[in-house]
Amino acid sequence: MAKKTLKIVHVASEVHPFSKTGGLADVVRSLPKALRRLGHEVIVITPFYGQVLDKKKYHLKEIGHDINIKIDKDNALKVIFWQGWLMEGLPIYFIENEKYFSRRKALYGSTHENARFLLFNIAALKLLIHIKFAPDIIQCHDWQTGMIPQLIKKGFDKNQYLSKAATIFTIHNLAFQMGMDWWKVPLARKDFGVKKIPAFDDPRLEYINFAKRGILNADVISTVSESYAQEIMTPRFGQDLHRILSNRSDRLFGIINGIDYFDYNPVTDPGLHKNFSFKSPERKAVNKAYIQKHFGLRQEPRAALLVMTSRVAEQKGFDLLAQILDMLMRMNLQLVIMGDGDKKYISILNKYHKEHAKRMVWSPFERKRETSLYAAADMVLLPSRFEPCGLVQMKSSRYGAVPIARDIGGLSDTISDYNPRTGRGNGFEFKKYNAQDFLVAITRALTEYEHEENWKELVRHVMQMSTSWAIPATKYVTLYRSAIKLKEKNGKK
Ligand code: GLC
């Protein structure tokens, strides 16, 4: 008998192309699409960031005006519901509130982040009732949606549309747990996850740990790679939540992300100077010459082009890079770093850019240029301190740029070390988080790069690796079915 199709809701604080600061936005765009293509009924709910989002461009339709959201007994706020489309048959809903979302220029960063996202969580559930959508599954992405599992258990548990919904809390990055930094919360104020939520206008609301609440209350917990699922149960990576996660290890699952093969395809990508496929990797040279020209680099076809396109943050290993820049500038290579973030590192990168303009570039992130960089690059650098999944290695591989990466988290699960004798492997890895080992991995890659025929084979191989959503999406469906069973079982107790 064919299994019942599921009604699935994804709730997240960012969804590409409507809003984006990181990989989360890509996942919440592409996973719902993959699920829809498997035949499930899927919807997405996200905040409406008025300053960021172009209502007209996306033909958004207002579906609920001045909806009253009662947050607690003394506090209520009005919101507006909007609807657009992520693709045919896949609606996306937006929640607008002038003060908490629309007036702001940035997605995040205020002294009342918890209040903002508590409002969002309650309003998201109200939206489901408003559109009469009774989900089998609500997948909550990262801390900004962490209160939903608790609300479903208590508060909305009697609601005819929501009482049966099973919840899954998905961790994209455990470093982010709440509006403020968990490590900055005074000891006496730390949230153990059991107390009643303070009133909306009570400043203590900002001490509530949303991620912890999500982990404690969801029917299942997932994260974005199998390795990271193991890592976060240890004190080193658990960000103080490792015990809670270990206690719930029977409900914690790792499913690697995928990328959308329609969005990332070197054969059809309109952003490339010249399209190519694994059958014609030599065309990468044309893209390389183009990028060299664009960024004012020397036109050197045989200088290996290394790129980095991540957020400029400590997590991404910029301290390691900073330690070896001098050395790199003495090697036969060129370096393009495109990304925004930490000013400390950007000023270092800028300094090198000025001193070595023909060999090294730092530029702010430009979405439209991302894939053209992968198409041009010979290698991408991913020296992350920790990496829940990482999407860059998947995207860049599609475009024939070989990853040089730390053997950690999702990078471990998607990259295996290249062995020149057997020709196996799809990247160059290093284990310990230190600059020397990173440099050794780069040197190994550069040595291989000198063997033109082998390198071409490696590029071909890397381009053919499968990192689409096809497999991960079916794993999610299996996980959803277990979550539904667990919810039913607990309900009967
Ligand atoms: C976060 C993680 C990254 C992951 C992405 C999408 O940005 O840091 O590793 O790929 O979420 O899940």
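This is a predicted model: local features need pLDDT of at least 70, side-chain atom pairs count only at pLDDT 80 or more; totals for chains, interfaces and linings use all residues.
Residues are numbered from 1 along each chain as its sequence is written, and side-chain values use heavy atoms, with hydrogens and water left out.

A few words on terms. Strands (E, at least two residues) and helices (H or I, at least four) are DSSP runs, numbered from the N terminus. Two strands pair if DSSP finds at least two bridges between them.

**Stop 1: around E14**

Click on Leu382 and look across to Ala405, its bridge partner in E14. Now trace the chain from E13 through helix H12 (residues 392-398) to E14; this β-α-β crossover is right-handed. That label applies if, with the strands pointing away from you, the path from the first strand over the helix to the second runs clockwise.

Next, colour E14 itself, residues 402-406. Is it buried or exposed? Five of its five residues are buried, so E14 is largely enclosed by the rest of the structure. Buried means under 20% relative accessible area, exposed means over 50%, and partly exposed is in between (1.4 Å probe, protein chains only). In a regular strand the side chains alternate between the two faces of the sheet. Here Val402, Ile404 and Arg406 are on one side, Pro403 and Ala405 are on the other, and all of them are buried.

Ile404 has Phe428 as its bridge partner in E15.

**Stop 2: the ligand**

Select the ligand and the 13 residues around it; His172, Asn257, Glu387, Cys389 and Gly390 come nearest. A residue counts as near if one of its heavy atoms lies within 4 Å. The shell has six nonpolar, six polar and one charged residues. For these classes, Ala, Val, Leu, Ile, Met, Phe, Trp, Tyr, Cys and Pro are nonpolar, Asp, Glu, Lys and Arg are charged, and the others, Gly among them, are polar.

Zoom in on Glu387: an N or O atom in its side chain is 2.5 Å from an oxygen atom of the ligand. For the side chain of Asn257, the distance from an N or O atom to a ligand oxygen is 2.8 Å. Gln315 has a polar side-chain atom 3.5 Å from an oxygen atom of the ligand. How much of the ligand does the protein bury? Taken alone the ligand exposes 310 Å², and the protein buries 93% of that. Such areas come from the Shrake-Rupley method with a 1.4 Å probe; for residues, only the protein chains shown count as cover.

**Stop 3: strand E5**

Jump to E5 (residues 90-96), where seven of the seven residues are buried. Leu90, Ile92, Phe94 and Glu96 sit on one side, with Pro91, Tyr93 and Ile95 on the other. Strand E2 (residues 41-47) runs parallel to E5, with four bridges, and Pro47 stands opposite Ile95. Strand E4 (residues 75-87) runs antiparallel to E5, with seven bridges; Trp85 has Pro91 as its bridge partner. Finish at the hairpin between E4 and E5, where Gly89 in the two-residue turn has a positive phi of about 80 degrees.

Note on methods. A polar contact is a pair of N or O atoms within 3.5 Å; within protein, one must be able to donate a hydrogen and the other to accept it, and residues adjacent in sequence count only if both atoms are side-chain atoms.
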